[in-house]
Structure formats: C-alpha cells, structure tokens
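Here is a short report on one protein chain. Take a look at the model, then read on.

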Amino acid sequence: MRPVSCWPSSWSTSCFSHGWIAMSVVGNAKRLSLSLHAKHWPDGRQVLGAMNFSLAVGEVLAISGPSGCGKSTLLSIVAGLDQAFDGRLEWSGGQPPGLGIVFQTPRLLPWRTVLANVSLGLADGAKNTSPARQALAEVGLSEAADVYPARLSLGMARRVAFARALLSEPDLLLLDEAFASLDDEAAGKLRASVMTRVANRRMSVLMVTHDLRDAEEMADRLLVLGGTPARVVDERAMPTRTSAPTLTSTAVPTDRSFARGSCPP
Ligand SMILES: Nc1ncnc2c1ncn2[C@@H]1O[C@H](COP(=O)(O)OP(=O)(O)OP(=O)(O)O)[C@@H](O)[C@H]1O
C-alpha cells in the first residue's frame, strides 16, 4: 500500500487518507502519480471513485472497462483538461511533461488544411512545413497534406491527429480509442510508430482502449475500470511486453472478458 502523502506540486485539491487502490512501480522513474478520491459532475453524480496509480517513464499503461464507465473522464483529468476533481495529480519534477493527445474524436480544425492541422503547436509550424510533412508521411497521408478535414474519412482524420500528437515529440502520449476505425495495416503502423518512440525516447503512454489487441501489443500493464462510480476492478501485467516494470501488487487473471458488458453496480 502506498503511504499517504501530500505531494508538493499538483493540479488540485485535497489530501485524504483512505480509500486507496494501491499499485506502484518499482525501479522506474515516475512520470506521473494520480491519487484520485472522487470525480463528481456538476449535477452531483459521482463518475469516478477512489483510485491511485503511477506511470513510469517509458511505460505503457492501458485502461479499459465498459462503455460509459469514465475512462475518457480519467484521461481528461490526467491531461489537465478537467481539474474539477478531488485528489492529486503529480508530475515528476513538479512540471507537467510535454503532452500529446489523440482524442476519441480527432478534433481537427475544419478551416485549416491537413498540413496546417498537423503543424498546430509547433512554434515555427507555419514557416517550416517539412517536419509536418514527415509526420504525415509516417502515418501514410502525404497525399492529403493540402485537403481540408471535411474530405477525410474518420480513420484518415484519426491518422492526422496521430501525426499532430507525435510531431510534438511528447513525453507522455494520451490515447483515447485512438486505433478505432483503422484497418489492421494502418493500426499496425501507428502502433509501431508509438512503440518506437517508447523505446527510443522513453515516451510514456496512457491509452484507453476496448481492444485487447492494443493492450496486448503495446501495454506493460492494464487497468480495468468498473462499477458506479468507477474504480479499478482488475489490474494485470501484460505478458507480451518484456519491459514490464515490477509490480508491487496484484494477481494477474487470464480471462479476456474485461471490456465486455455494462458497468456492474
Ligand atoms: N461533461 C459531462 N457532464 C456530465 N456527465 C458527463 C460529462 N461527460 C461525460 N459524462 C458522463 O460521464 C460518464 C462517463 O463518460 P466517459 O466518456 O468518461 O465514459 P467512457 O468510459 O470513456 O465511455 P466510452 O467507452 O463509451 O467512450 C458517462 O455516463 C457520461 O454520460
């Protein structure tokens, strides 16, 4: 069990002393620690319950669970987009790392070309287009550089969102069902692009997915959310990732039914 502490720098709110779901990585520098007590919506409904997890530098953590449980909400908290929660989010060194995000919907700006969308966030993006063109080539969309998002399929738009996220060379990549709508070849290429950066740059990845294959091929660990409010109902190490850090807790079940069904009460 992780000792309770009030970390010095965090996004928000209170310290609390009970209700932890303990899990810690041994021997790896941490990129982030999240100690969540609760997340309520403004109408008072509690969507997330107590959970506590860390993500190590170079680690890939997958989060799954039934639709509507609160996975995207959890990702928004980690992204700093939702700060209205009870708990603490702490980054190593006290500073949020460079974040890359691929949302469930690609969120491209419709009035900018594909190339201009990919260049968003780069200081000199408008002047030097070669990094963005390279990123587009990496996701197999060189030919789409000058078209507008309205002409893209959902899968193509997702690949553009990937190019945009990877171009910023993030320390932490957040993926929300990012491989959905992609054919096997495109999804395989993107997985490879991500995992190359994990290996070479020690990029960390927090990914929400319903697809066990994503978790099996990429993740060191899998957290399964369930219940209302959602909590971690299962945690397992993924045997296919040989770089998996040592866990201090958990049994590792072998069934693959984690993403099916509705939230149990
Ligand atoms: N801004 C909001 N205000 C109130 N309720 C919300 C808001 N956003 C999401 N919800 C509700 O919170 C719950 C969790 O939503 P969330 O999108 O996090 O689930 P999810 O597990 O990611 O679902 P899916 O797998 O279907 O994408 C759902 O019941 C949703 O309707």
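Ala-116 is partly exposed, because 18 other C-beta atoms lie within 10 Å. The cut-offs are these: a residue is buried if 20 or more other C-beta atoms lie within 10 Å of its own, exposed if 12 or fewer, and partly exposed in between, with C-beta atoms placed from the backbone. Ala-116 sits in helix α2 (residues 114–119). Helices are DSSP runs of H or I with at least four residues, strands are runs of E with at least two, and both are numbered from the N terminus. Ala-116 and Gly-227 are 111 residues apart along the chain, and their C-alpha atoms are separated by 42 Å.

This is a predicted model: local features need pLDDT of at least 70, side-chain atom pairs count only at pLDDT 80 or more, and totals for chains, interfaces and linings use all residues. Residues are numbered from 1 along each chain as its sequence is written.

**The whole chain**

The chain has 6 helices and 12 strands. Of its 265 residues, 40% count as buried. Two residues are in contact if their C-beta atoms, placed from the backbone, lie within 7 Å. Take the contacts between residues at least 6 apart in sequence: 70% of them join residues at least 24 apart.

Which residues surround the ligand? They are Trp-41, Val-47, Ser-67, Gly-68, Cys-69, Gly-70, Lys-71, Ser-72, Thr-73 and Gln-104. By class, the shell has 3 nonpolar, 6 polar and 1 charged residues. Here Ala, Val, Leu, Ile, Met, Phe, Trp, Tyr, Cys and Pro count as nonpolar, Asp, Glu, Lys and Arg as charged, and the others, Gly among them, as polar.

The buried residues of α1 are Lys-71, Leu-74, Leu-75, Ile-77 and Val-78. Seen down the axis of α1, these buried residues fall within an arc of 155°, so they line one face of the helix. The arc is that of the directions from the helix axis to the C-beta atoms. An α-helix has 3.6 residues a turn, so residues three or four places apart point the same way.

Look at Val-78, which is found in helix α1. Val-78 is buried, because 22 other C-beta atoms lie within 10 Å. Leaving aside neighbours within four places in sequence, Val-78 is in contact with Leu-32, Leu-34, Leu-89, Leu-174 and Leu-206. Leu-32 is 46 residues from Val-78 in sequence, yet 8.7 Å from it in space, C-alpha to C-alpha. Just after α1, Gly-80 takes a positive phi of about 80°.

**Helix α3**

Helix α3 covers residues 130–138, and its residues Ala-132, Ala-135 and Leu-136 are buried. Seen down the axis of α3, they fall within an arc of 100°, so they line one face of the helix. What covers them includes α2 and α4. Gly-140 follows α3, and its phi is positive, near 75°.

**Two packed helices**

Two packed helices are described by the angle between their axes and the distance between the axes. The axes of α4 (residues 154–167) and α5 (residues 184–201) come within 12 Å and cross at roughly 10°. The two helices are therefore roughly parallel to each other. On α4, the contact is made by Gly-155, Arg-159, Phe-162 and Leu-166; on α5, by Ala-186, Leu-190, Ser-193 and Arg-197. By class, this contact has 4 nonpolar, 2 polar and 2 charged residues. Axes are lines fitted to C-alpha atoms, for helices over the stretch in contact, and angles run from 0 to 180 degrees between N-to-C directions. Angles under 35 degrees count as roughly parallel, over 145 as roughly antiparallel, 65 to 115 as roughly perpendicular and the rest as oblique.

Most residues other than glycine have a negative phi, and most peptide bonds are trans. The table lists two arginines with a positive phi.

A cis peptide bond joins Thr-228 and Pro-229, with omega about -5°. Pro-229 lies in the loop between β10 (221–226) and β11 (231–237).

Definitions and conventions. A residue is near a molecule or strand if its C-beta atom, placed from the backbone, lies within 6 Å of it.
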